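Thanks for coming. I have one structure to go through today, so let me put it on the screen.

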Amino acid sequence: MEQQVVDLLTGTFSATASIRSDAEGHLEHLYTNNTFPISLISIASHKSVALDIRQAALLSLKKLVLKIWSPSLEEYQGPDTLSDATKEQVRQSVLSIATASNESRKIAAAASYVVSKIASADFPEQWPSLLPTLLNLVPQADETQLHGTLLVLGSLVEEGFDEEQFSGTAVDLVRCIYNVAVDGQKRLTTRALAVSIFRACLDTMELVYQTNKASVTQFMQELTEVWSPFFTEVLKMPLPRMPSEEEEYEKGPVDSHWRGVIALKTQVVKALDKIHNLFPHLLSPRTLELFSAIWESLQAHLSPYLAMYTGDQQRQSRMDDADRLPYTLDYLVIEELDYIQTLLNTTIIKRELDMQLAPESMANGTPSSTWIQQILATAVGYSQILTEDEELWEVDINVFLSEETSETANYSARNACAGLANKLCSYNWPVLESLLGHSKTAFEGGASNPKEKEAVLYVLQQVLEELSVCEKPVGLEIAQAYLSHSQVAMQDDGSEFLRARGGIAAGNLITAPGKALRDLVPDFALQSLKAIENDPSDIVKVSSMRVLQGYLKVLPAGRAQEFQVQTVAAISRFLSSHDLSEINDTEDLVDTLVETFRDAIMTDPTLCLEHPALDVLFTMARYGARSWQTSMLVNETFESITSTMASKGPEAYARLCSKVLPSLTSALDVGDMTAENSLSDMAVSLLSTLAEYGSEPLPQGFVATLLPKLYRLLFLPLEFSVHQSATITIKYILMHDPLQLFAWRDPETGKEGLEIVLLIIDRLLGPEVDESSAAEVGGLAVELVEKAGAERLGPYLMQLLQVVAIRLSTAERANFIQDLVLVFARLSLTNAKEVLDFLAQVRVEGANGGTGLEVVLRKWLENSVNFSGYNAIRQNIIALTNIYQLHDERLSSIQTKGDLIIQDSSRIKTRSQSKREPDQFSIIPVPLKITKVLIQELVNSSPTNTPGFHKRNHSLQGGISDDEDDDWEDEPTILDLGAQATRQDLMGYMDEGKWNTHETDDATQKYLVDFFNLVSHEPGFQELYHSLTDAERERLHKMNDQQNQLPQIIHSPIHSPHLA
């Protein structure tokens, strides 16, 4: 069988898809054969077999384990047909491979991963000997065995152990890896691997802490006392001689030692940072020593860092070894810079720095040689542009822009220095004053290194941006000093990056809080425009555009038209001189163009019709239509223009329509749509925005221009976003001018506007259209029913509602269900009985229950609590109360889902288990379900669940804290309120309504309170009351406490047609 398996494994490497697929399929068919995993292990253990085949054998074994080994594994599919004897043989054999002497590291790593997956299911019940075997092997293992054993232990900690298993083994495990980490006779990379396992233990320790605080705190205290001297020793370990390029290429002993030291130091810094974040008080006694050690390391590493990464000969950077251990100097520097920021959070370090800045430490009122100046000087050094980045930015302007906007996954020492500068600013230290000396040295001291000058201005930019966020003013004298340096940089002919940074720094200075240099805005805005037009470097051009955005926001009102025209013209010429279609990824560049255009237009949107601004906007839209971010920017800009013009009255809106409709509708040509013209997708979205702000009535010819094209789009197999935007556009037309739509007749088909809309709704509700494409049809149907009325709709009304009910029976997406339910909810506001009578007559094939009444009410009530939007929730609540008050006997016979039946189990249910064992619910009648839903709406407005927070317990403490011990000396490090990123996150929580919008307003709450007070005396409600949960009954008892705090509900007139 082994040869057959080898042939199949070889087939998985075939370049022919059919051969590869057949081989993979045959391997899966062998899963139920007890000899198959034994064959895989035999192949993997034979060194005579090719390495890639041995790896493939272990990969296939891993897949087998995940799919059929145990139901406790998340990806388990079953059936579990392997015998206990086979499993035991697999366990021992794969562990032997992972911990074998003289084994390939790749094979050992692959085998260790299989061990961890088996252990996650079998340890300790079916495999009690695993951990003792590994721990006993460590002291006597040779280097190869030790490496494999550590890989298995690391995989167990990361993948195999749960909290309970880890708690029982933590002491022995940590002691074992500590002995490896401190053993100077072991390879440096092996010791680094041991430290990385210790760091993984800390992650699990964090989970255990939640249930056993006292024990974990004591255990971590002991660990810290043991490990700290070793950590400090490694931090102070000097770097060996930097290998030459030849030695680095040959990977000899010099290079190996260099890599080993860096790998070990990197893991130690990462471990210290983890401890400081999770248990900040534990390292308090050593904080000053750690800060001094890490600071000395950073200073010592600067020279080799600059030599390796900023010179003409770029060395390898951002490299990991096969064990995922970083071993290049840039990684170590990044970790050290991040850890410095963590230490700056501590009270001890802040106190020391404050003492350095105290008046008695200053000479003539100016800070003397302080830590802060040294920190800034070091930050400037590490902020210098790497040669690799410089070459990449010159080739791809988008990479440069992504770095500038911090929207890149490529976190570097330069980014870390930006965070360090922001950290210093957050403590009100004199950062600007301290940096000025270094700036003078760079720009006035005869220094000729443009990278150092650029780095000074880069750090200055970060400081100014942070001060701007905090609204801290910049004084005139210091602003002028920095501006003179920026102007020198702007005129440098040797470095495009220095010219670009000079312009950016000047922009930050001139627009900084305090307005010291605000009078210079027009002059420097003109300089930015000249740079966009004339500078030969695209780096300078796009940087000038980003600077111009800031100038445009603070431009004197009287200069708006002048700069708007010039900016639009400059962007237009840039577009003409660059073929963006030849650039693979233009998103960042187009975003910059659109943002600059937007800021120019926003100076006075009414002026955009006087020059070709909209044509330029549509040109940029064509290039960026495939990007979600660019599409949002274009829509935002167009919405600003449209809303402003609409606010000026119908005549201004009509002028806008006459300007943009020809361009937008030409993009909706059917041929272009089927050819995937990217602008067509965006054109439909822009049309929906145009219709949203439409005048009442709409300009003559609006319907005739748009409706035929929208009709055709909705019958083509296009992207769901096109169908959604087209549907929304028609809904807005109905909202603003139903008479024009009803009066229009298609000259080609002779169909009236009403019939066209009905055909569109019927098409979108059909089974061939997916829910994403039909997501907005419910809103369109509601608008049509309200605007057309029963008299105009005639027999079409009942047909329309029947189609909605049938589609609702198969709907799955929450927003789609809500839109369809609201069709009946809106009608139930005034015609609840007629709605029930109609639904009782509708037959829904294939649905449980058969009638539309049963299908709609089940879907309605099971999804009500997920509805979003104030109006939707209000209408839903009122409709349900109207239906309840009918006391219709038919409702009591309809059964629907009630409360979740809680399983008596402490195990976390995986996704695969959830599929096999779905949640179970009680079954209750509709009247009781309505009552529960309405009580839930009362719960949603509880004072402890105010909008935007929803019972969240956001800890602003940071780190892990003990409830009984809140007076630790070190301040928290996980949540830094001084950091710009943290403030943005907190603002995101305040705007939580964007992602959790199930909130009811006070008026609706008053309506609910009145409703329950009204029905509470009815005999039928008393019967339902005894079927409520204790929490629901308690909520009803408490609701009167809020009654006097809520305003009277205001019934807004809602016009719904009578169904009779």
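I will start with the chain as a whole and then go to single residues and groups of residues.

This is a predicted model, so please keep that in mind throughout. The chain holds 50 helices and four strands. It has 1060 residues, and 55% of them count as buried. The accessible surface comes to about 46,400 Å², with 49% of that belonging to carbon and sulfur atoms. On contacts: take those in the chain with a separation of 6 or more, and 74% of them are between residues 24 or more positions apart.

Now some helices. Helix H16 covers residues 347-356. Which residues of H16 are buried? They are Thr347, Ile348, Ile349, Lys350 and Leu353; note that a lysine, Lys350, is on that list. These buried residues pack against three helices: H14 (287-309), H15 (329-344) and H17 (371-382).

Next, Thr642, in helix H30, residues 628-647. Is Thr642 buried or exposed? Its relative accessibility is 0%, so Thr642 counts as buried. If we leave aside neighbours within four places in sequence, Thr642 is in contact with Tyr653, Leu656, Thr689, Leu690 and Tyr693.

Asn815 is another case. Asn815 lies in helix H40, which runs over residues 814-841. Here the relative accessibility is 39%, and Asn815 therefore counts as partly exposed. Between Asn815 and Phe867 there are 7.5 Å from C-alpha to C-alpha, while in sequence the two are 52 residues apart.

On to the aromatics. Searching the whole structure gives 19 aromatic pairs. One aromatic cluster is formed by Tyr178, Phe198, Trp227, Phe230 and Phe231. As a reminder on the description, a pair of aromatic rings is given by the distance of the centres and the angle of the planes.

There are also charges over rings. The charged end of Arg622 sits over the ring of Tyr623, at 5.1 Å from the ring centre. For Arg1033, the charged end sits over the ring of Tyr1025, and the distance to the centre is 5.8 Å.

Last, the surface. Leu900, Ile902 and Phe921 make a nonpolar surface patch of about 290 Å². Where is Ile902 found? Ile902 is in the loop between strand E3 (895-900) and helix H44 (911-916). With 66% relative accessibility, Ile902 counts as exposed because the cut-off for that class is over 50%.

That is what I had; questions are welcome.

Conventions
Residues numbered from 1 in each chain as written. Predicted model: local features only at pLDDT ≥ 70, side-chain atom pairs only at ≥ 80, totals over all residues. Heavy atoms only, no water. Helix = DSSP H or I, 4+ residues; strand = E, 2+ residues; numbered from the N terminus. Buried < 20%, exposed > 50% of the residue type's maximum accessible area, 1.4 Å probe, protein only. Phe/Tyr/Trp six-rings, centres within 6.5 Å; stacked < 30°, edge-to-face > 60°. Lys NZ or Arg CZ within 6 Å of the ring centre and 35° of its normal. Contact = heavy atoms within 4.5 Å. Patch = residues over 30% accessible without salt bridge, like charges linked within 9 Å, V, L, I, M, F, W, Y side chains within 5 Å. Areas by Shrake-Rupley, 256 points an atom, 1.4 Å probe, with all protein chains shown as cover. Salt bridge = Lys/Arg side-chain N within 4 Å of Asp/Glu carboxyl O.
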